[in-house]
Amino acid sequence: MLTEKELREIVESVIKELSQKDIKISTPESPQEKEVKSYPVSEDESYLPDLAEISIEEWCLVPDPADPEGLKRIKATTPARIGLWRAGPRYKLEPWLRFRMDLAAAKDAVMKEVDPKLIEELGMFTVQTMVRDKDEYLTRPDLGRRLSPEAKEKILASCQKSPQVQLIVVDGLSSTAIEANIRDFLPSFLHALKGHGLSIGTPFFIRFGRVAVMDEVGELLQPEVLVELIGERPGLVTAKSMSAYMCYRPNKSTIESDRTLISNIHDKGLPPVEAGAQVAAMVKKIYDAKMSGVKLAMAGV
Amino acid sequence: MIETFLSVGIDIGTTTTSIVFSKLKIENVAAGFVAPKIKIVGREIIYRSKIYFTPLIDDRYIDSERIKNIVREEYARAGMDPESIKTGAVIMTGETARKENAAEVLRAISSMAGSFVVAIAGPHLEAYLAGMGSGAAFISKNEGKTICNLDIGGGTTNAAIFASGKLKSTFCANIGGRVIRFDGQEPKVGGWTSMGAAVCEELGISLKKGQVLAFSDLVRIAKRLASSLLSVLKGNPDSLALKAAIGALPMKPIVADGFAFSGGVGKLYYNTELDRDMREILRYNDLGPLLAQELKSLEREIPAPVIEPIETVYATVIGAGVHSVEISGSTIFYTNQHILPLVNIPVVRIEDPYATLESIKGELLEKFDRFRSTEESNLIAIAVPKGHGFGFEDVLRLAEAIALAYKTSDMNGPVIVLCEDDIGKALGTLIKGLLGKNWEVIVVDEISLEEGDYVDLGKPLYGGTVIPVVMKTLVFSV
């Protein structure tokens, strides 16, 4: 038989244990849980958290990690999909949905067209390469490097000849990249260019273009320096990355190593507003050195 | 491409003075075809001086000439020419920083040591640099641990707590091995600090110059200093600790995975043998070895295990010479590199970088006025805190507010702006465009500073891509 004292001790220890468990459950502020974000799905089935808002660098789903701090530090160094745990051999539901979402964004970036209203807003006109539609664009890179006869005509009719700097905006493999960055890039670039004492010709937009389309523009307009902004092939980390290719007097004998490149322009890479100033400084360097690409890099100017 | 440059550290402490030379390596670590990212990729110590006693004329004056001689001799011995030293710092610490000619000596030594060798003083900054120099910060980062580094010198204990390599807080107290010093090893009292007087008063030991103290009294004094320091670590500072405090002391037990000791007393801590031979124990004519011994005997009461750092007695000088210099972001803006270096620039910080033009301008004008009433020069650096993405409109508004603030006030520049985000080149270009050709503008990014901090900016490195920066952060929470 238990004495009253023993009984009381048992009850007390059970209550203590229960209350400790309670504390752990009811305080999400306990250090471990606070540091490792878990983004729980709501119990209410009508609501699903916006998966786009989750930063993968902070998303740890490993249950009860041995070293939560260490995991957090490793996660912070990469947007790769690690530490997201699994359900059997598969992704868990949320990471899987997020993967589908990122893949869809990447496909959209390739298949979508840059909004014509945006081009208008920037005061640019549009020309097209030899490519007729997206399918042909993807299967015939060679046609994306050549301007259509109408395009050539329009460019010659509308643009200033032999400018110091010519700017072209090209959709490339990500229309999203152009839409996301051009508004912040352009005013910063134009302002900085003016600060360097350089004048710019007539900027315009090229639909279905590849990088080397700049060579045809160079033949037509004979600029000292040509700057081409083009959407980069999207990945699962971002679909918004834009590149700035620069070339001194591009023409039909230009080869890839003649081009200078600043890539990775997006809000989480080189911010577009900073890229504008940086590209302008690079243009000034190319203009003064009268060379670009590997030649410029090797000259160590 | 790796570029190397030489850096010097000079530590003029309460008891000792030392010098180290190091080679810093910077390299563009970005992958090809993206904007450059120049980082310090190597910090290598190439020469250590011997440890000198800091030469003093008397209790109030540092012997400036003898320190200059030490510096000259060590430069010669190391084969260094001040012309070839690109960066570095002279740090004056502990009791020495309180001497009447301290500021003057600090200036003199930093100007003879090299063109961008800056002056550093202040116990909290020393605490941070000692923790960097001892390797406690590295161990903390490497192992993902929280480490408290206690740099115990002749006059002060400077503590810095690092969590995963990041500084969390600092605290400092006038507890050191030389709060009483002796003439000869009898031990005849030669001098004392206010802390030395305080501890003796509490223990009822009378202090007179020339008087010989009993060995048992020395042990009592050292024990008392050690227990006072322990009370601080336990978050319950005793009466003596409160008298010794420089700024706030922690009021909660320190939560750490390990404690490391550096400084002269720190070195003795790891080498101490329970030695009662009086001549041996008084070999430095002070209480250092006894204090180390008494601390060691309290080791079990220290709230976390004691670990041995990489450096002990050289920690502060290595911190000053090797770790004080940082590198700015790699897309920055400056109109004229010949106005650099600029040193000891007070920092004002914009509260909200997304506020309206009028409100940012008003805030800056008010801060300009406040600073100029207390500072000698009218050089000010404006810090722009981290935002959540800056579009062109945001950067333009900031540029307009800064340009207008300068035009409205009678400040004539150079305009110096430090941004946390990577927007330096864009912001600088816009400010320069708004102010016109007679203005000098410097905007560096990826630098984080608080209101009331100071900053030093050196001449550009790596083909003009980056500039070396020494950040003198003063505000540390306990």
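Helix α4 (residues 136–143) of chain B lies across β7, β8 (157–163) and β13 of chain B, and runs at about 175° to β7(B). Axes are lines fitted to C-alpha atoms, over the stretch in contact for helices, and angles go from 0 to 180 degrees between N-to-C directions. Helix α8 (residues 263–271) of chain B also packs on the sheet, where it touches β7 and β13 of chain B, and its direction makes about 110° with that of β7(B).

Keep in mind that this is a predicted model: local features need pLDDT of at least 70 and side-chain atom pairs count only at pLDDT 80 or more, while totals for chains, interfaces and linings use all residues. Residues are numbered from 1 along each chain as its sequence is written, with chains lettered from A and ligands numbered from 1 in the order in which they are written.

Now for the sheet itself. It is open, with six strands in the order β12-β9-β8-β7-β13-β14 (chain B) and mixed pairing; two strands pair if DSSP finds at least two bridges between them. β12 (245–246) and β14 (306–307) of chain B sit at the edges with a single partner strand each, so one side of each has no neighbour in the sheet. Further in, β7 (residues 146–152) and β13 (residues 258–262) of chain B run parallel and are joined by five bridges. Across that pair, Cys148(B) stands opposite Phe259(B) in β13(B).

What about the domains of chain B? The bounds in the table come from an automatic or database domain assignment.

| Domain of chain B | Residues |
|---|---|
| domain 1 | 2–121 + 319–323 |
| domain 2 | 126–313 |
| domain 3 | 328–472 |

Taken over C-alpha atoms, the centres of domain 1 and domain 3 of chain B are 27 Å apart. Between them, 13 residues of domain 1 of chain B are in contact with 14 residues of domain 3 of chain B, contact meaning C-beta atoms, placed from the backbone, within 7 Å. On the domain 1 side, β1 (2–12), β5 (85–92) and β6 (117–121) of chain B each supply at least two residues. That side divides into nine nonpolar, two polar and two charged residues. For these classes, Ala, Val, Leu, Ile, Met, Phe, Trp, Tyr, Cys and Pro count as nonpolar, Asp, Glu, Lys and Arg as charged, and the others, Gly among them, as polar.

Where the chains meet, 19 residues from chain B and 24 residues from chain A take part. On the chain B side, α13 and α14 (424–435) are the elements that give two or more residues, and α14(B) brings the largest share, six residues. By class, this side has nine nonpolar, seven polar and three charged residues.

Helix α13 (residues 392–408) of chain B has 17 residues and reaches 24 Å from its first C-alpha to its last, close to the 24 Å expected. Its buried residues include Phe392(B), Leu396(B), Ile402(B) and Tyr406(B). A residue is buried if 20 or more other C-beta atoms, placed from the backbone, lie within 10 Å of its own, exposed if 12 or fewer, and partly exposed in between.

Over in chain A there are eleven helices and six strands, and 37% of the 301 residues count as buried. Phe204(A), in strand β3 (residues 204–207) of chain A, counts as buried because it has 22 C-beta neighbours inside 10 Å. Leaving aside neighbours within four places in sequence, Phe204(A) is in contact with Met124(A), Phe125(A), Val127(A), Ile155(A), Cys159(A) and Ile168(A).

Key:
Helix = DSSP H or I, 4+ residues; strand = E, 2+ residues; numbered from the N terminus. Expected span 1.5 Å × (residues − 1). Contact = placed C-beta atoms within 7 Å.
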